[in-house]
Amino acid sequence: MLKHPPLLAALIQIAAFLLTGSLVINQTEIALSLFGWSIVQGCLAGICSYALRMPAWWIPIQITFAPLVILTLALDISPMLFLVAFIGLLLVYGKSFKTQVPLYLSSKQVNQALITLLPKNRQFSFVDLGSGCGGLLASLSSKRKNGLFHGIESAPIPCLISKLRSIINPGYRIRWGDFWSQDFSQYDIVYAYLSPVPMESLWEKVRNEMRPGSLLISNTFAIPGIKPDKSIKLNDFSNSTLYLWKL
Ligand SMILES: C[S@@+](CC[C@H](N)C(=O)[O-])C[C@H]1O[C@@H](n2cnc3c(N)ncnc32)[C@H](O)[C@@H]1O
């Protein structure tokens with residue numbers, strides 16, 4: 001269950017809701033508004049999440065979920081808007097439930113550092129695993145015309161955006177799909193900006209498929225127990241580090 005934090009988060013929310021409900025029913029001393037009780041529910045959910053060692057960034061989500069639902073309902077917004085927002089979020093983040101890799105974008109500093117790592121005078125192939133909206137590929141391919149740039153993205157909306165982008169900037173190709181089913185042996189450089197969850201399996205795949213002399217670059221997430229050949233610390237908003245492994 002702990003392998004699926006969203007499931008655990010939902011179970012904690014239900015437990016905190018039931019606990020708060022029983023408090024509302026069984027005691028008469030405390031008189032709170034609905035919003036007040038939602039804060040109690042949020043605090044209980046936060047405490048349980050902390051006690052069950054959920055990743056730190058889940059705690060504020062757990063605490064604020066119910067109060068935000070109550071506040072949003074009070075705004076009397078059309079249900080259609082929620083439906084549209086829900087479908088939009090599903091098409092961007094829906095697969096994160098399975099992959100545990102949400103969408104966030106490489107910084108400008110990462111972009112600049114990667115350009116210095118790409119070969120200048122010879123042909124090479126580069127793949128961005130989970131290429132998001134294609135921003136990184138658009139930028140790199142416009143600066144290194146000697147490279148073949150590929151992206152693989154599983155989320156429909158980011159993939160569509162990057163495909164549309166590649167019409168204006170034909171320097172890279174995007175494939176809609178799962179990078180786990182791709183053969184990495186065709187690439188000289190594999191770039192990954194994922195999450196801590198898939199890193200061990202990624203190393204297995206890289207070791208089995210990438211050619212000797214090729215390069216794996218991971219943004220922020222190291223491979224447990226495998227020392228990189230080089231790491232580059234960057235001064236961006238998330239203090240990114242690029243980890244490099246030469247196969
Ligand atoms: C952290 S974002 C990085 C986006 C982009 N590479 C960048 O650096 O700006 C990770 C992306 O990987 C995608 N992703 C996660 N698992 C994937 C998989 N197995 N196959 C294809 N894309 C995947 C997610 O949908 C998300 O867009």
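Because the model is predicted, local features are taken only at pLDDT of at least 70 and side-chain atom pairs only at pLDDT 80 or more, while totals for chains, interfaces and linings use all residues. Residue numbers start from 1 along each chain as its sequence is written.

The protein has nine helices and seven strands, where helices (H or I, at least four residues) and strands (E, at least two) are DSSP runs numbered from the N terminus. Its C-alpha trace spans about 75 × 40 × 35 Å along the principal axes. Of the 247 residues, 27% are buried; a residue is buried if 20 or more other C-beta atoms lie within 10 Å of its own, exposed if 12 or fewer, and partly exposed in between, with C-beta atoms placed from the backbone. Two residues are in contact if their C-beta atoms, placed from the backbone, lie within 7 Å. Among contacts between residues at least 6 apart in sequence, 61% join residues at least 24 apart.

β1 and β4 are parallel, with four bridges, and Val 127 stands opposite Val 190 in β4. β4 is also parallel to β5, again through four bridges. Here Ile 189 stands opposite Leu 215, and Tyr 191 has Ile 217 as its bridge partner. On β5, antiparallel pairing with β7 extends over five bridges, with Lys 246 as the partner of Leu 215.

β4 is covered on both faces, as Ile 189 and Tyr 191 on one side and Val 190 and Ala 192 on the other are all buried. In β5, Leu 215, Ile 217 and Asn 219 point one way, Leu 216 and Ser 218 the other, and all are buried. Five of the five residues of β5 are buried, so this strand is largely enclosed by the rest of the structure.

A nonpolar core is a set of buried Ala, Val, Leu, Ile, Met, Phe, Trp, Tyr and Cys residues joined through C-beta atoms within 7 Å. The largest has 31 residues, and Phe 126, Val 127, Leu 129, Ile 189, Val 190 and Tyr 191 have the most contacts inside it. The elements giving two or more residues to this core include α6 (108-117), β1 (124-129) and β3 (172-176). A second, separate core has five residues, among them Ile 12 and Ala 45. Beyond its neighbours within four places in sequence, Leu 129 is in contact with residues including Ile 152, Phe 179 and Leu 194.

The ligand is surrounded by 23 residues, the closest being Val 101, Ser 106, Gly 130, Gly 132 and Ser 154; a residue is near the ligand if its C-beta atom, placed from the backbone, lies within 6 Å of it. α7 (135-143) and β2 (147-153) each give two or more residues to this shell. The shell divides into 12 nonpolar, seven polar and four charged residues, with Ala, Val, Leu, Ile, Met, Phe, Trp, Tyr, Cys and Pro counted as nonpolar, Asp, Glu, Lys and Arg as charged, and the others, Gly among them, as polar.

Methods. Two strands pair if DSSP finds at least two bridges between them.
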